[in-house]
Structure formats: structure tokens, C-alpha cells
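Take a look at the chain shown here. The report starts with the overall fold and then turns to single residues.

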Amino acid sequence: MDQSENLEQDQGPIDYYKESIRLYYYNIVLHSYLERVNQEKNEIKSKLQKFQVLEDQESDISLEDKRKRNRRSAVEIPRSHVCTISNCNKSYGSEGSLMQHMKIKHGMVMNQDKIGQVLDQFRFQYSSNSN
């Protein structure tokens, strides 16, 4: 005996009319479920599109705020901070740059007061040379 004969003996003969009604009912339930899922999918798509539009507007605003800074070129920066080490002819546009140079290249850490004194000496020499 195969499985279909076993099923027929357990439940009796198959009523094809009832089986077709049952399958038709399941088909209707499945169809309504698919409609709900499609409706939810469309709602999610519309929300996503709205979100993308808002995100694009915000990125346009942030791009306007982040304009390119116009920086001075190296030639335009006055180099008034000079390294005090002999045979080192480096000069820098800020105290911080000079301090970094002294620390990295010469292994020295200078006090702010000493840098100010060196700066004053350089300014005095520069002003006397230009006269």
C-alpha cells in the first residue's frame, strides 16, 4: 500500500468539493495577506523617499556652511620666529611651529619666555638692518 491509500483508509474517501473550497479559502486569505504586505512595502518606500529628500536638503545646507578656507601661501606668511641653534637657519611664522621644530629636530623644549626674548632680538636685528 502506498501513502494515498493509507490516507484514504484513515480519513475515508477524499471529498474533492470540500478540498477545493478549503484551498479556495486559503487562497483568499493568502491574497489578502499579500495585499497588506504590498501596502506596507509601499508605505516604507514613500517614507524612505521622504527621508532621502530631507537628507539631500540637509547635505546641501551643510555644504554651503563648509566653504573652502582661503589659506595664505607659504610666501605670504612672515617668518619672524627664528631657530637659535647655530648653523640652523630655519624660521617660522608662529611660536608653536618654532617650538615643534626645536623639539623634533634639536630635542630641546623651550620656555615661552625664552622664545619671546629670541623673537625680540630678531625683531631688533631686523629693524636695524632695514634702516
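A contact means heavy atoms within 4.5 Å. With that cut-off, residues 24 or more positions apart account for 14% of the contacts in the protein with a separation of 6 or more.

This is a predicted model, in which local features need pLDDT of at least 70, side-chain atom pairs count only at pLDDT 80 or more, and totals for chains, interfaces and linings use all residues. Residues are numbered from 1 along each chain as its sequence is written, and side-chain values use heavy atoms, with hydrogens and water left out.

**Overall layout**

The protein has 4 helices and 2 strands. Both kinds of element are DSSP runs, numbered from the N terminus: helices are H or I with at least four residues, strands are E with at least two. Read from the N terminus, the order is α-α-β-β-α-α.

How much of the protein is buried? Buried residues make up 9% of the 131 residues. Here buried means under 20% relative accessible area, exposed means over 50%, and partly exposed lies in between (1.4 Å probe, protein chains only). The protein exposes about 12,200 Å², and carbon and sulfur atoms supply 51% of that area. Accessible areas come from the Shrake-Rupley method with a 1.4 Å probe; for residues, only the protein chains shown count as cover.

**Two annotated spans**

An unreviewed UniProt entry annotates residues 30–57 as "coiled-coil region". This span is 100% helix and 0% strand, and its end C-alpha atoms lie 41 Å apart. The unreviewed entry also gives "domain: C2H2-type" for residues 81–106. There the chain is 46% helix and 15% strand, with 16 Å between the end C-alpha atoms. UniProt positions follow the numbering used here, feature names are shortened, and annotations may be inferred rather than shown by experiment.

Helix α2 covers residues 16–65, and Y26 is found in it. R22 and E19 both lie in helix α2 as well, 3 residues apart, about one turn of the helix. R22 forms a salt bridge with E19, and the closest N and O atoms are 2.3 Å apart. A salt bridge is a side-chain nitrogen of Lys or Arg within 4 Å of a carboxyl oxygen of Asp or Glu. Side chains of opposite charge can pair when their charged atoms come close. A search of the whole structure finds 1 salt bridge.

The structure also holds 1 aromatic pair. Y25 and Y26 form this pair, which is tilted: 6.1 Å centre to centre, 50 degrees between the planes. Rings of Phe, Tyr and Trp (its six-membered ring) pair if their centres lie within 6.5 Å; planes under 30 degrees apart count as stacked, over 60 as edge-to-face and the rest as tilted.

The table lists accessibility for the paired residues.

| Residue | Relative accessible area | Class |
|---|---|---|
| E19 | 31% | partly exposed |
| R22 | 36% | partly exposed |
| Y25 | 52% | exposed |
| Y26 | 46% | partly exposed |

**A loop residue**

Where is N87 found? N87 sits in the loop between β1 (81–82) and β2 (91–92). N87 has a positive phi of about 65 degrees although it is not a glycine. N87 is exposed, with a relative accessible area of 79%.
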